[in-house]
2 protein chains.
Amino acid sequence: MVQIPNPPPSDPSAPRSVPTSADVARLAGVSRATVSYVLNNTGTVRISEPTRRRVREAARQLGYVPHAAARSLRAGHSRMVLMPAPSFPAGPLYSRFLSELQWALGRLDYTVVQYGTVGLRGDEAARAWAELRPVAVLAPGSDLGPQGVEVLKRSGARAVVTLGPEAVDGAHALLTDQAGVGRSATRHLYDRGRRRIGVVVPAEGGLDVFSAPRLAGAREAVSGTDATVTELPLAYDEGDAARLAARWRPLGLDAVFAYNDEYAMLLMRALQDEGLDIPGHAAVIGADDLMLGRLLRPRLSTVHLELPAGRDLAALVDRAVHAPGAAPERHKVLGATVVHRESS
Amino acid sequence: MVQIPNPPPSDPSAPRSVPTSADVARLAGVSRATVSYVLNNTGTVRISEPTRRRVREAARQLGYVPHAAARSLRAGHSRMVLMPAPSFPAGPLYSRFLSELQWALGRLDYTVVQYGTVGLRGDEAARAWAELRPVAVLAPGSDLGPQGVEVLKRSGARAVVTLGPEAVDGAHALLTDQAGVGRSATRHLYDRGRRRIGVVVPAEGGLDVFSAPRLAGAREAVSGTDATVTELPLAYDEGDAARLAARWRPLGLDAVFAYNDEYAMLLMRALQDEGLDIPGHAAVIGADDLMLGRLLRPRLSTVHLELPAGRDLAALVDRAVHAPGAAPERHKVLGATVVHRESS
């Protein structure tokens, strides 16, 4: 960053003190309780319209904003739906899912807050989230055990929803069948006549919760057949892809499930630069069904994933918040469908 | 989502009541003040180690978690750095920047919270953020005016940092020169002998804060020369790209600055499918310097952008939090450097 000279400060005085509801009450000539009733829209107390106007005008003049914390202390919870911010760089598929979900929850008057859980693991993370008193938590199952769920519920969360391959005791579960992604991709390659199948496992951290079950699914798909599956570690890096491509012939492989479309693009380019024909010498399939796969030549085969619709998930959260004692729901998400194009 | 049958609830009783610090005090046989001193690590009060242990054990048994809200009510603020969640799908460049920043702030004991500001604009958004009483706010300047800054400071935020082409009164500013990106790209095309230059403007919402100044910068770069700049609206969609490619010859253009690498990849493919030679018939340059540009053939020229390092930005936030009365700092970020490859 290049610092540039400071302009003269627009307000050279020390920062003023933070206005409180007592200041608003004094200016409006009402009690603090009245201020609280008016500004928090408590419908149960009858307050005349002129008084309401006076309170609002005083709050505006003083720049007073009610404290969500104070409100949630009274109510025991907030309208906050907490999600841990992803620990891996979010791809386009996740970004779109998140946008949709934020809109859908926004329409139900919830606010999505993504919590940057840096370096906290398991129940420690759950305790940090609990301190914000979210009304609902939506988290990867890998980040949360039954104890974490308990901590969140004890601190007032009415709904905990996990996303992952397995359900967590006490929480609603969106079951994502990552193994199914590997199974579909590998079965497709097998059906196209391939028998020596590589499976890319990203070297980047944070992705193993996806890549390990995908690899397991790939092994499952060919178990008991004459085909083999070979694990191929790969960093998202041109040099590493070139090294793997140079080993392609010695490895004796004829196909690869490349984890996702981005790794597939990287590896396909390296294989082409190595003089290998796609799909002749190497059938390639990715996953995620991103636009970029359609722009490659040959066009990239892929596994299309169906993330839960934001609207459905928002409805689940809302239902769960309103019935905190109900039995946990279980939903299967992430239907995996092979999209066959030219690369396989 | 496919619902699958519920397992029997693991705990059929109604949810238990939320444990309070009074419960902890009762179980540990100490006062509530002592509980607060121990669990909030208040160093000023001397409490014996056995008492501390008793309080911690009682809190653990009851599943009690201190309320961040209560703590921030006492302290007047939290360790929360609030950022609005981006309203557009975040690209890889932004994702990496955010990861870095979260780590760097985490090391300074701040927590980054991304707030999903759906449908709120300007000061209304600032008021919603203020309710969480963040100690610092880091927001695009387009989302925040001087009044919003005032609201945040009044509610206890010690530092407001904006990111955008212009500074906002009362806030620290990271000045991003988007016009400079368009200027560099277009000057490069001009220097390569191109005179009829198209500039892609994404049709997608939320990107105009970037695309409008980039287009203005492009116009600036050729003003007073014999070259022209033509605005090319483009949706991130194969059909739209094909239609634009089909109009390429009639438009009489010889080069294009394609907004970023992803739009460049889309348009370059459509131009190639139309039988046009890159860079012969159309020189193409993107921006962001993503890996995918190096994987294309011809390799994509691009503008490399330097986002602020997470560590520097975290240090600025921390400095500002400790000196809330200091004059606003101004820093230029987003240095734009052309990376010339084969497509231009």
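**Exercise 1. Find the residue in E9(A) that is the bridge partner of A:Ile197, then describe the sheet around it.**

Step 1. In this predicted model, A:Ile197 has A:Ala255 of E9(A) as its bridge partner.

Step 2. Now look at the two strands. E7 of chain A covers residues 196-202 and E9 of chain A covers residues 255-257; they run parallel and are joined by three bridges.

Step 3. Widen the view to the whole sheet. It is open, has four strands in the order E8-E7-E9-E10 (chain A), and its pairing is parallel.

Step 4. Check the edges. Strand E8 (228-234) and strand E10 (283-285) of chain A each have a single partner strand, so one side of each lacks a neighbour in the sheet. From one strand to the next, the twist averages 25°.

**Exercise 2. Classify the ring pair A:Tyr259 and A:Tyr263 as stacked, tilted or edge-to-face.**

Step 1. Start with what you need: a pair of aromatic rings is described by the distance of the centres and the angle of the planes.

Step 2. For A:Tyr259 and A:Tyr263, the centres are 5.7 Å apart and the planes stand at 85°. Planes over 60 degrees apart count as edge-to-face, so that is the class of this pair.

Step 3. Over all chains, the structure holds six aromatic pairs.

**Exercise 3. Work out how B:Tyr94 and B:Phe97 are arranged, and whether each is buried or exposed.**

Step 1. The ring centres of B:Tyr94 and B:Phe97 are 5.8 Å apart with 55° between the planes, and the pair is tilted.

Step 2. Both residues lie in helix H5 (residues 92-107) of chain B, three residues apart, which is about one turn of the helix.

Step 3. Buried means under 20% relative accessible area. B:Tyr94 has 18% relative accessibility, so B:Tyr94 counts as buried. B:Phe97 is buried too, with a relative accessible area of 6%.

**Exercise 4. Which ring does A:Arg79 lie over, and which does B:Arg79?**

Step 1. In chain A, A:Arg79 lies over the face of A:Tyr110, 4.1 Å from the ring centre.

Step 2. In chain B, the charged end of B:Arg79 sits over the ring of B:Tyr110, 4.1 Å from its centre.

Notes: Residues numbered from 1 in each chain as written. Chains lettered and ligands numbered in written order. Predicted model: local features only at pLDDT ≥ 70, side-chain atom pairs only at ≥ 80, totals over all residues. Heavy atoms only, no water. Phe/Tyr/Trp six-rings, centres within 6.5 Å; stacked < 30°, edge-to-face > 60°. Buried < 20%, exposed > 50% of the residue type's maximum accessible area, 1.4 Å probe, protein only. Lys NZ or Arg CZ within 6 Å of the ring centre and 35° of its normal. Pairing = 2+ DSSP bridges. Axes fitted to C-alpha atoms, helices over the stretch in contact; angles between N-to-C directions.
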